[in-house]
Amino acid sequence: MIIFEDVTKKYKDGTLALDDISLSVAPKEFVFLVGTSGAGKTTMLRLIVKEELPTSGKIMVDGQDLASLKNSDIPPLRRKIGYIFQDYRLLYSRTVFQNVSLSLEVVGKTDEEIATIVPKYLELVGLSSKMQNFPYQLSGGEKQRLAIARALVHEPKIILADEPTGMVDPSSTWEIVKLLEKVNSWGTTVIMATHDFNIVNLLKKRVVELDQGRIVRDQSKGSYSKE
Amino acid sequence: MNKRVFKFAISNIVKSRWFTVASVLVMTFTFFMLSSFISVGVISRDVLKYLETQAQITVFFKDSFLEDDILKIKSDLELDPDIQSVGYTSKQEALDSYIGEHQNDPLLLESLTRDIFPASLDIRARDIKYLPEVVRKFEGNTNVEEVVYYKDAITTFKKFSDIIKYGGIAMVTLLLLTSIITVLLTIGSSIYIRNDEIAVMRLVGGSSWFIRGPFIIQGLIYGVVAAFISQIVFTIIVSVLGGDIALLFKGIPVVNLNFVYLLIVFGTQLLFGALLGFVGSMFAVKRYLKI
């Protein structure tokens, strides 16, 4: 599903974010990307959605070589991917319903389709009763569940979650992790970048550890410790 | 057109309402000045054309010079390929014409006789450049009382007309540039206001048209609305001043500022409005909106 071949990313200021990374993620896989801040986790996720371009190397997503994609091919690529951020990236002038519906509006769904689809996903994340609320009326955990609903609503093949539990309380953390596990069980590939060793150790999924832009560990049922 | 793209454009306009007012006002002023200069330009072109078709040289002959001799000169002149026409005005015709023009002033007409009006030839060259040559033919002729040469008047008017034309072009160009910059800044502010939304749209796979379209439509709406407002103002002014303009150019066939003329002006304004709004918003999208 996702292949990195000898990928290096060096920023203009000289920072080496990724150093000759090679990695393959199979369809329906759940992968934890772990490592300290600045290890290169976010850069990897941004490369997958072509928010950034690699300095060298090749990246394939769902059979497409990202280097060969034209600008007009990028939106269709991104529709295959749901992206979840640590800071939610919600639109505070839009209601809960409207935040989710935006993902469908951009792909040209009709109002009727949107009215049918959005409530299903809000029910999935437990926000049915807050459809007409605004994001500032939600708790941290609810905001992140809303962001997950937005990422899922167009039924992506891949979910990229960048520290999704970084700003929520422990009980919400587990709700979010369970949700991502459920989505993965439906056949969606999930890549989750995290610092949280409790989650990693409990779920016993594949763990890819990054350190200073290099992969230092890749275990199929791995764990993660503080050191 | 996708109705959501249009809805976003309307929402942009509402969110940047004061910028919108500024943009529309600047564009309205630009289009009004454009219409005004076009109209003044067209009228002065017509006046110039009229002046050029009038007698350009009038040669007045001494009373001692006989009519037959004048008519002989007329015939000779008519053979000249540079001369377009020659008209003869006898002493009697000159008197009749004067009386016709001043019939409401009996005191002035009281002591008039045909003897005080000289016979004359009105000469029109095919081109204004041939006039000096014609004048030279009569200079030094002892039978000629006076040669009245209209070239200077026409040249002066032509200069005046050119100043209006080129001054107008310069001013309208400057205003068009100002309008484009105003639209650019307005759309730029709309893009800034919607920055978060744009970032999310990009990540959920919004197409280039879905993201950029609202801003381009926003610019087009500004242009079209400004063209409408300018046309309303222009129509009101033409309606109020139309009579005075007609009176001012009485006898000169200048363009009729009628419904058809106003429609042409409106079409021009709409075209400029759409073009200007489009160009301004495209610049803004290229400058401020990276996808």
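In this predicted model, A:Gly187 adopts a positive phi of about 110 degrees. This residue comes just after helix α6 of chain A.

Helix α6 of chain A covers residues 170-185. With 16 residues at 1.5 Å a residue, the helix should span 22 Å. The end C-alpha atoms of α6(A) lie 23 Å apart, which agrees with that expectation.

Buried residues of the helix are A:Thr173, A:Ile176, A:Val177, A:Leu179, A:Leu180 and A:Val183. Seen down the helix axis, the buried residues fall within an arc of 155 degrees, so they line one face of α6(A). An α-helix has 3.6 residues a turn, so residues three or four places apart point the same way.

The contact takes 15 residues from chain A and 13 residues from chain B. On the chain A side, the elements that give two or more residues are α2 (74-78) and α3 (96-105). By class, this side has 8 nonpolar, 3 polar and 4 charged residues.

Chain B is assigned two domains. Domain 1 of chain B comprises 3-51 + 155-288, and domain 2 of chain B comprises 55-149. The C-alpha centres of these domains of chain B are 51 Å apart.

Methods: Residues numbered from 1 in each chain as written. Chains lettered and ligands numbered in written order. Predicted model: local features only at pLDDT ≥ 70, side-chain atom pairs only at ≥ 80, totals over all residues. Helix = DSSP H or I, 4+ residues; strand = E, 2+ residues; numbered from the N terminus. Expected span 1.5 Å × (residues − 1). Buried ≥ 20, exposed ≤ 12 C-beta atoms within 10 Å, placed from the backbone. Arc of directions from axis to C-beta. Contact = placed C-beta atoms within 7 Å. Nonpolar A, V, L, I, M, F, W, Y, C, P; charged D, E, K, R; others polar. Domains from an automatic or database assignment.
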